[in-house]
Protein chains: 2
Amino acid sequence: MAHYIGLDLGGTNIKSGVVDDRGQIVAKLSRPTRPETGPDGVLASMVDAAREAADAAKIPLAQIAGVGIGCPGPLDFQKGLVKAAPNLPGWDHVPVRDHIARALGRPAVLENDANAAAFGEFWVGAGRDVQDMVMLTLGTGVGSGLVVEGKIIHGADGLGGEAGHLIVQPNGRRCGCGQRGCLEQYASASSVPRRALDAMAAGRRTILKPTRADGAEIDAQDVFAAAQQGDELALGIVEETAFYLGIGCVNLCRLLDPQMIVFAGGMIHAGEFLFDRVRRVFGEHSWTITDNHVQIVPAKLGSDAGLIGAAAVAQAK
Amino acid sequence: MAHYIGLDLGGTNIKSGVVDDRGQIVAKLSRPTRPETGPDGVLASMVDAAREAADAAKIPLAQIAGVGIGCPGPLDFQKGLVKAAPNLPGWDHVPVRDHIARALGRPAVLENDANAAAFGEFWVGAGRDVQDMVMLTLGTGVGSGLVVEGKIIHGADGLGGEAGHLIVQPNGRRCGCGQRGCLEQYASASSVPRRALDAMAAGRRTILKPTRADGAEIDAQDVFAAAQQGDELALGIVEETAFYLGIGCVNLCRLLDPQMIVFAGGMIHAGEFLFDRVRRVFGEHSWTITDNHVQIVPAKLGSDAGLIGAAAVAQAK
């Protein structure tokens, strides 16, 4: 049985694990990223995390078949570089792949973090029985990975698979990417409370309060909770979220015709209250000239998807 | 040098040609489809057209390396069937691929007609120097083909690559497919005069007349001509067409990051008057976090793209 190391580099944590060739985690660990240590410090920490995972799994590095690395991007896939990373100050064309391969003495593969997570779900999660799958991660932003005929789509310059920046409402809400009306502006976990606060600022009545008892701003969960209690403002926000997710799903189907669209990220805790609405919008807005059999389902691997997917990328190499 | 036969089945004409392995047409011909003869009649005619092309090229059938067949769909790629075809009454799961392979004694491959045309442009037309390309054919509808890393995207059920049915305006104009706000409703050659006529019916002033001297309804070319003369209504229609094409291009880039987007079909005769506007909208609406280097260009192969592309599909098999 072959074993792979999966590394998942985030702005907050580095996750590392040894994963076998059936996608089972043998050992895993997490340590803080400490971005302030710069590329050199973070790379050294990633190497340590990989070694520790191998130790914990009691598998000598020499028996690790490959290392997969999920990183925020944009990346240069050919050269194995992280070109830049919004949450990692000072990262400018960092040769992550070759550094880690050299330090560990094992072949390494670099992948975008959202793609890696999608590939993990594709390998042993929600998408394990399909060949064509799209995953949308509804977090602070909306990340995505497109798997077509079992392979991740990168695009000519490594910038494909950004479904969070599909324009779903021309001239709609302004996005940090410079576009207007991106799916992310309606479907990310952070956009939900933001739109609720906008509506409250405009004087709409609601049971929601701008801040919680602890002084923190409300989050998506608060809005969903209010919607489930029948609050009209909150319900309107949830319906709008589901509407644009549904339109986004239609567009993904028209281009890629996947068997499955998987939603991941914190927002999926809203469960069927959200999924039912998305499926209804999809059904109402998708074409009628063929059956619409795409499955719209929640992810299964939770926060392990990234490191399992990184290992999957190493295996698929 | 290997030779292939390309067949391009349309509702009006069957085109047939012998194409060499560098994409040059050695011989070609066209004959009426006569859909009223039913699947058997049309298939017999396709076989005849293939034989005639080989005769005209003076290449014995036995030396033809393969036959590519571009057909309207939906298709069953696995089984080589045309499941249905709106312009070919009575076509219900017709085994086109195997019938033609058997009749000609050569291996045959079936492909969607829009995909085949895109693959032709990719092989030896506008996209000959790129690996990732999207083609939109702006005809009666908007057909499309997506080429990713040199391969056509089909989707799980053969229904991918339908960029004409991307929803670019949620709850927008109703489309024949059952959706609302499809790109096709704003960017097809038939939608241009239709929207002009709608605006005239609503009382807008224009130099356009609903019908021409010969009694025929106006077409896209009339609208573009009026726009070039400064007619406000016509110019508004052209701007709207360019706007939605630009938004569609942004969305194609976010998912697939192609090097090139090619427009084909009658509408491209409008030339830079249209392309300039589309590129401007694209530039204004695409993200600013990376350079936007996609080329948006006209197709080069004209009405030969379909048969050249069918031959290309046979070669790529």
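The model on your screen is predicted.

**Stop 1: the two chains**

Two copies of a chain are related by a rotation about an axis and a shift along it.

**Stop 2: where the chains meet**

Select the residues of chain A that touch chain B. How many are in contact? There are 45 residues of chain A in contact with 45 residues of chain B. Of the interface residues of chain A, 100% are also interface residues in chain B, so the copies meet through the same surface.

Together, chain A and chain B bury about 3,700 Å². Carbon and sulfur atoms carry 63% of that area. Now pick A:Leu255, A:Asp257 and A:Trp287. In chain A, these lose the most area to chain B. Together they make up 18% of what that side buries.

What kinds of contact cross the interface? Between chain A and chain B there are 24 residue pairs in polar contact, both at pLDDT 80 or more. The count of salt bridges between them is zero.

Next, colour strand 9 (142–148) and helix 7 (232–256) of chain A. Each supplies at least two residues of the side that touches chain B. Helix 7 of chain A gives the largest share, 10 residues. By type, the residues on this side of chain A divide into 22 nonpolar, 18 polar and five charged.

**Stop 3: salt bridges**

Side chains of opposite charge can pair when their charged atoms come close. A search of the whole structure finds 26 salt bridges over all chains.

Select A:Glu52 and A:Arg31. Their side chains meet in a salt bridge at 2.5 Å, N to O. A:Glu52 lies in helix 1 (residues 38–57) of chain A and A:Arg31 in strand 3 (residues 25–32), so the pair ties together parts that are 21 residues apart in sequence. A:Glu52 is partly exposed, with a relative accessible area of 37%.

Move to A:Arg279 and A:Glu272. This salt bridge spans 2.9 Å, N to O. Are these residues buried or partly exposed? A:Arg279 is partly exposed, at 31% relative accessible area. A:Glu272 is partly exposed too, at 40%.

Now switch to chain B and select B:Asp219 and B:Arg212. Their side chains form a salt bridge at 3.3 Å, N to O. B:Asp219 counts as partly exposed at 27% relative accessibility. B:Arg212 is partly exposed as well, at 32%.

For a network, go back to chain A. Select A:Glu239, A:Arg277, A:Arg280 and A:Glu284. Salt bridges that share partners join these four into one network.

**Stop 4: helix 6 of chain B**

Return to B:Asp219. At the start of helix 6 of chain B, a side-chain oxygen of B:Asp219 reaches to within 3.0 Å of the backbone nitrogen of B:Gln221.

Now select the whole helix, residues 220–228 of chain B. Which of its residues are buried? They are B:Ala220, B:Asp222, B:Val223, B:Phe224, B:Ala226 and B:Ala227. What do they pack against? Show helix 5 (191–201), helix 7 (232–256) and helix 8 (272–285) of chain B, which are their packing partners.

End at B:Gly230. Just after helix 6 of chain B, B:Gly230 takes a positive phi of about 95°.

Definitions and conventions. Residues numbered from 1 in each chain as written. Chains lettered and ligands numbered in written order. Predicted model: local features only at pLDDT ≥ 70, side-chain atom pairs only at ≥ 80, totals over all residues. Heavy atoms only, no water. Helix = DSSP H or I, 4+ residues; strand = E, 2+ residues; numbered from the N terminus. Buried < 20%, exposed > 50% of the residue type's maximum accessible area, 1.4 Å probe, protein only. Contact = heavy atoms within 4.5 Å. Buried area = accessible area lost by both parts, 1.4 Å probe. Polar contact = N/O pair within 3.5 Å; in protein donor to acceptor, adjacent residues only side chain to side chain. Nonpolar A, V, L, I, M, F, W, Y, C, P; charged D, E, K, R; others polar.
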